[in-house]
Amino acid sequence: VGRSLNHPSRPWQRIARHDNDIKKIAALKLDGEGYEYEVLASLLDFPDTLLPELIIIEHTHAKLWKENIINLLIHRRYSKLGKNRSNTFLSLCVES
């Protein structure tokens with residue numbers, strides 16, 4: 001099934017830094033209706049200081065993801081706290 005997304009968007013870093021001068025993201029809840037990978041892919045290139053401390057991501061459409069975003073986040077210093085029927089909870093690991 002072909003899907004298209006026709007929605008104006010702005011890169012995460014522009015929203016965080018340029019538009020709002022955000023210095024820290026405590027939590028991010030994402031329900032992208034299957035587009036979670038596209039939304040979070042740029043997050044993988046964020047500087048460590050802008051990574052959300054907690055991410056709650058809906059996984060009910062995971063079969064539509066280009067790549068398993070949960071595994072990518074785990075490789076980007078997140079640990080999986082748990083999951084329920086529709087969401088996975090991840091926490092940023094603090095380096096000691």
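**Notebook: a predicted model, looked up entry by entry**

I began with the contacts between residues at least 6 apart in sequence, and I noted that 67% of them join residues at least 24 apart. I record here that the model is predicted.

**Entry: overall make-up**

I looked up the elements and found 3 helices and 4 strands in the protein. Read from the N terminus, their order is α-β-α-β-α-β-β. Of the 96 residues, 32% count as buried.

**Entry: the nonpolar core**

I asked which residues have the most contacts inside the largest nonpolar core. They are L40, I55, I57, I69 and L73, in a core of 19 residues. I next noted the elements that give two or more residues to this core: β1 (27–30), α2 (36–40), β2, α3 and β4. Helix α3 supplies the largest share, 4 residues. As a general remark, nonpolar side chains tend to be buried together in soluble globular proteins.

Leaving out residues up to four places away in sequence, I55 touches L28, L43, L73, Y78, T88, F89 and L90.

**Entry: the β3–β4 hairpin**

I looked up how β3 and β4 are arranged. Strand β3 (residues 78–83) and strand β4 (residues 87–92) run antiparallel and are joined by 5 bridges. A hairpin of 3 residues connects β3 to β4. Within this pairing, K83 stands opposite T88 in β4.

**Entry: H59**

I located H59 in the loop between β2 (54–58) and α3 (69–75). Is H59 buried or exposed? With a relative accessibility of 16%, H59 counts as buried, because the cut-off for buried is under 20%.

I then listed what surrounds H59. Apart from neighbours within four places in sequence, H59 is in contact with W65, K83, N84, R85, S86, N87 and T88. The side chain of H59 reaches the backbone oxygen of N84 at 3.4 Å. For S86, I noted a C-alpha separation of 5.7 Å from H59, although the two residues are 27 apart along the chain.

**Entry: salt bridges**

How many salt bridges does a search of the whole structure find? The search returns 2.

I took the pair K24 and E53 and found their side chains meeting at 2.9 Å, N to O. K24 lies in the loop between α1 (12–19) and β1, while E53 lies in the loop between α2 and β2, so that this pair links distant parts of the chain, 29 residues apart. K24 counts as exposed at 55% relative accessibility, whereas E53, at 37%, counts as partly exposed.

I then took K66 and E38, whose side chains meet in a salt bridge at 4.0 Å, N to O. K66 is in the loop between β2 and α3 and E38 is in helix α2, so this pair ties together parts 28 residues apart in sequence. K66 counts as exposed, its relative accessibility being 65%. E38 has a relative accessible area of 33% and is partly exposed.

**Entry: cross-reference**

H59 counts as buried, whereas K66 counts as exposed.

Technical notes: Residues are numbered from 1 along each chain as its sequence is written. This is a predicted model: local features need pLDDT of at least 70, side-chain atom pairs count only at pLDDT 80 or more; totals for chains, interfaces and linings use all residues. Side-chain values use heavy atoms; hydrogens and water are left out. Buried means under 20% relative accessible area, exposed over 50%, partly exposed in between (1.4 Å probe, protein chains only). Contact means heavy atoms within 4.5 Å. A polar contact is a pair of N or O atoms within 3.5 Å; within protein, one must be able to donate a hydrogen and the other to accept it, and residues adjacent in sequence count only if both atoms are side-chain atoms. Two strands pair if DSSP finds at least two bridges between them. A nonpolar core is a set of buried Ala, Val, Leu, Ile, Met, Phe, Trp, Tyr and Cys residues joined through side-chain atoms within 4.5 Å.
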